[in-house]
Amino acid sequence: MLIAGNWKMNMGYQQALSFLLEFNKLVKKEDKDSFIFFPPAPLSLIFEKEKFYWGSQNIYQKIKGALTGENSVQLFKEMGATFCLLGHSERRYIFGETDVDIEKKFSLVQEQALIPVLCIGESLSERFQKNKVLIKKLSWIKQYNKYEKLPFHPEKLPPDFKDLSFIVAYEPLWSIGTGEIPSVSELEDVISLIKEDFPTVKVFYGGSVSLENALSLSCDKLDGFLIGSESVNPHSFYGIYKQIKSC
Ligand code: PGA
């Protein structure tokens, strides 16, 4: 399993350096391949220099242009990114991103040979009809997913991640930052639903993953966690990995 940290807008430069100082004391060289970081864009090169897998939290849906304040996927690629988060619920609901925006970004990310990590999830009121909601959020991928495998540089990829063209992060909205988590059977049903249509895809779970619940959430079908608040604490973040590894 891969353990991904979504730092959102929660870390400054000095905090990032202190995190890595602590984290590097905990993590062994051979375990570094098990982590992915999604830092605020200006902190990206720190992770490249430290030889961790990393990705951008967002990109703009064009490669280049007079677009003050935006970042291009080409720039992230040049800097060494492997992944790009897309469609996180904070992007959808705070910044008004639509499926159409996300579709354009998805194609651009794949064309630049980075792996899209597409976040999907249902709101609390949709929880009991979530299959319908999730199927709709995935339906356009069939049209936009141009590759079985991406033409990327394999050395930039975690060992088991060569035969895929995107990752799905299942993040129920009612779970993000709330302490609420789905049951394992709920989670397994969603993973099966996704893998039915996309058998080679990897599926991550995100939403209130913590040291207390990571072990109970990890199931055979799950390929990774996308962790928000607990990922900014090196001991919690590493502790989650250690628990998963030892089971
Ligand atoms: P959380 O965030 O772990 O703080 O719930 C997860 C996410 O938003 O990716």
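In which helix does lysine 77 lie? The points below take up this residue and then other parts of the model, which is predicted.

1. Lysine 77. This residue belongs to helix α3, which spans residues 73-79. Lysine 77 counts as partly exposed, with a relative accessibility of 34%. Neighbours within four places in sequence aside, its contacts are Gln112, Ala113 and Leu114. The C-alpha atom of lysine 77 is separated by 18 Å from that of phenylalanine 35, and the two residues are 42 residues apart along the chain.

2. Burial of strand β1. Strand β1 comprises residues 2-6, and five of the five are buried, so the strand is largely enclosed by the rest of the structure. In a regular strand, side chains alternate between the two faces of the sheet. Here both faces are covered: Leu2, Ala4 and Asn6 are buried on one side, and Ile3 and Gly5 are buried on the other.

3. Pairing of β1. Strand β1 pairs in the parallel sense with strand β8 (residues 224-227), over four bridges. Within this pairing, phenylalanine 225 of β8 is the bridge partner of isoleucine 3. Strand β1 is also joined by four bridges to strand β2 (residues 35-38), and these two strands run parallel. In β2, isoleucine 36 stands opposite alanine 4. A right-handed β-α-β unit is made by β1, helix α1 (residues 13-26) and β2.

4. Nonpolar cores. The largest nonpolar core contains 56 residues, and those with the most contacts inside it are Ile3, Phe23, Phe35, Phe37 and Phe225. Apart from this core lies another, of 17 residues, which includes Phe38, Val117, Ile167 and Leu226. Residues up to four places away in sequence not being counted, phenylalanine 225 touches a set of residues that includes Ile3, Ala4, Phe204, Tyr205, Val209, Leu217, Ile240 and Ile244.

5. Asparagine 6. This residue is placed in strand β1. Asparagine 6 has a relative accessible area of 5%, under the 20% limit, and is therefore buried. Its side chain reaches the backbone nitrogen of lysine 8 at 3.1 Å. Not counting residues up to four places away in sequence, asparagine 6 touches Phe38, Gln57, Leu85, His88, Leu226, Ile227, Gly228 and Ser231.

6. Surroundings of the ligand. Among the residues that surround the ligand are Asn6, Lys8, His88, Glu171, Ser208, Leu226, Ile227 and Gly228. An N or O atom in the side chain of lysine 8 is 2.7 Å from an oxygen atom of the ligand. Backbone atoms also take part: an N or O atom of the serine 208 backbone lies 2.8 Å from a ligand oxygen atom, and one of the glycine 228 backbone lies 2.9 Å from a ligand oxygen atom.

7. Positive phi angles. Serine 208 is not a glycine, yet has a positive phi of about 55 degrees. Serine 208 is located in the loop between β7 (202-206) and α9 (214-217), and counts as buried at 16% relative accessibility. Lysine 51, also a residue other than glycine, has a positive phi near 60 degrees. Its position is in the loop between α2 (44-49) and β3 (53-56). Lysine 51 counts as exposed, at 66% relative accessibility.

Definitions and conventions:
Residues are numbered from 1 along each chain as its sequence is written. This is a predicted model: local features need pLDDT of at least 70, side-chain atom pairs count only at pLDDT 80 or more; totals for chains, interfaces and linings use all residues. Side-chain values use heavy atoms; hydrogens and water are left out. Buried means under 20% relative accessible area, exposed over 50%, partly exposed in between (1.4 Å probe, protein chains only). Two strands pair if DSSP finds at least two bridges between them. A crossover is right-handed if, with the strands pointing away from the viewer, the path from the first strand over the helix to the second runs clockwise. A nonpolar core is a set of buried Ala, Val, Leu, Ile, Met, Phe, Trp, Tyr and Cys residues joined through side-chain atoms within 4.5 Å. Contact means heavy atoms within 4.5 Å. A residue is near a molecule or strand if one of its heavy atoms lies within 4 Å of it. A polar contact is a pair of N or O atoms within 3.5 Å; within protein, one must be able to donate a hydrogen and the other to accept it, and residues adjacent in sequence count only if both atoms are side-chain atoms.
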